[in-house]
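Please keep the view open as you read.

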Amino acid sequence: MRLPRRFLGLHTAAVRRASFVPACSTTDANSLELLQDFVSRASRLFVISGAGLSTESGIPDYRSEGVGLYARTDRRPMQHAEFVRSAKSRQRYWARNFVGWPQFSSHQPNAAHQALQQWEQRGKLHWLVTQNVDALHSKAGQKRLTELHGCTHRVMCLGCGAISAREELQTRFVALNPDWRAQMGGVAPDGDVFIEDEQVLNFRVPSCENCGGILKPEVTFFGDSVNKATVQFVHDRLRESDAVLVVGSSLQVYSGYRFLLAAGDRKMSVAIVNIGSTRADHLAELKVRGRCGEVLSVIQPL
């Protein structure tokens with residue numbers, strides 16, 4: 001299926017604003033036509049999104065060449081065991097998160113998020129599974145959505161399991177630390193920012209208002225595993241689908257890659273839109289290299 005001529009030259013100005021998007025040439029017209037044909041043939045499309053979708057909204061990822069967290073710094077994300085074990089680690093994490101929250105929570109969906117929401121409205125997208133924790137799909141209005149690794153906009157108590165809004169916790173942080181200030185450094189993918197350890201020494205962290213337990217973002221930290229019921233739910237949605245599209249993910253983490261293995265076992269059609277290589281390239285019948293927003297915004301959910 002041929003794309004309208006006006007779509008053959010894609011804009012790049014919008015994504016130049018985001019310094020966390022890796023260098024990438026404009027996607028060629030033939031690849032766009034093949035992707036349009038792939039989407040048109042699918043009637044119940046299963047989509048997996050990753051951090052490459054949100055870099056165009058100004059949120060960094062971990063692995064992108066030259067611009068990801070691992071390329072910019074030797075800092076590594078919080079490990080689940082460390083957070084649970086160490087009060088000092090929790091204090092450091094929440095102090096950095098407190099400083100970064102106003103900026104992180106203000107990020108808005110980009111053209112890729114909006115396109116996927118429109119596909120859902122048109123009945124093309126059966127289910128979307130995101131590995132991102134930034135709530136941008138929800139902000140875009142996505143309903144048929146599973147946040148595989150949770151969401152930073154929610155906080156859970158490790159004691160009683162109570163869930164509360166992250167914005168409410170920000171208010172409690174301010175009340176407990178009215179005079180606390182810190183100099184903000186670089187930004188991390190989960191809303192964390194880099195501040196020196198000595199700056200966090202006097203930062204006070206509240207406990208659960210219900211039981212006094214430890215508060216943690218309702219996200220899956222590195223070293224933890226995704227809830228089994230969530231994994232089974234996603235497998236069920238995959239079984240109901242007839243094609244898989246990966247957008248903005250290298251699939252290096254098994255929690256997302258497992259669904260590509262399942263799709264391969266079922267001989268499902270798979271397409272991938274990503275700037276760099278992915279762990280599942282060998283399973284895809286189509287690989288499109290390009291920025292997610294530029295590519296998805298010109299594909300019609302026919």
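A charge sits over a ring if NZ of Lys or CZ of Arg is within 6 Å of the ring centre and within 35 degrees of the ring normal. This is a predicted model, in which local features need pLDDT of at least 70 and side-chain atom pairs count only at pLDDT 80 or more, while totals for chains, interfaces and linings use all residues. Residues are numbered from 1 along each chain as its sequence is written, and side-chain values use heavy atoms, without hydrogens and water.

**Charges over rings**
- Lys 216 lies over the face of Phe 221, 4.7 Å from the ring centre.
- Over the ring of Trp 101 sits the charged end of Arg 166, at 4.6 Å from the centre.

**Aromatic pairs**
- Twelve aromatic pairs turn up in a search of the whole structure (centres of Phe, Tyr or Trp rings, the six-membered one for Trp, within 6.5 Å; planes under 30 degrees apart are stacked, over 60 edge-to-face, the rest tilted).
- The rings of Phe 83 and Phe 221 are 5.3 Å apart at their centres with planes at 50°, so this pair is tilted.
- Phe 83 is buried at 0% relative accessible area, and Phe 221 is buried at 5% (buried means under 20%, exposed over 50%, partly exposed in between, with a 1.4 Å probe and protein chains only).
- Tyr 93 and Trp 94 pair edge-to-face, 5.4 Å centre to centre with 75° between the planes.
- Both Tyr 93 and Trp 94 are buried.
- Ring pairs link a cluster whose members include Phe 83, Tyr 93, Trp 94 and Phe 221.
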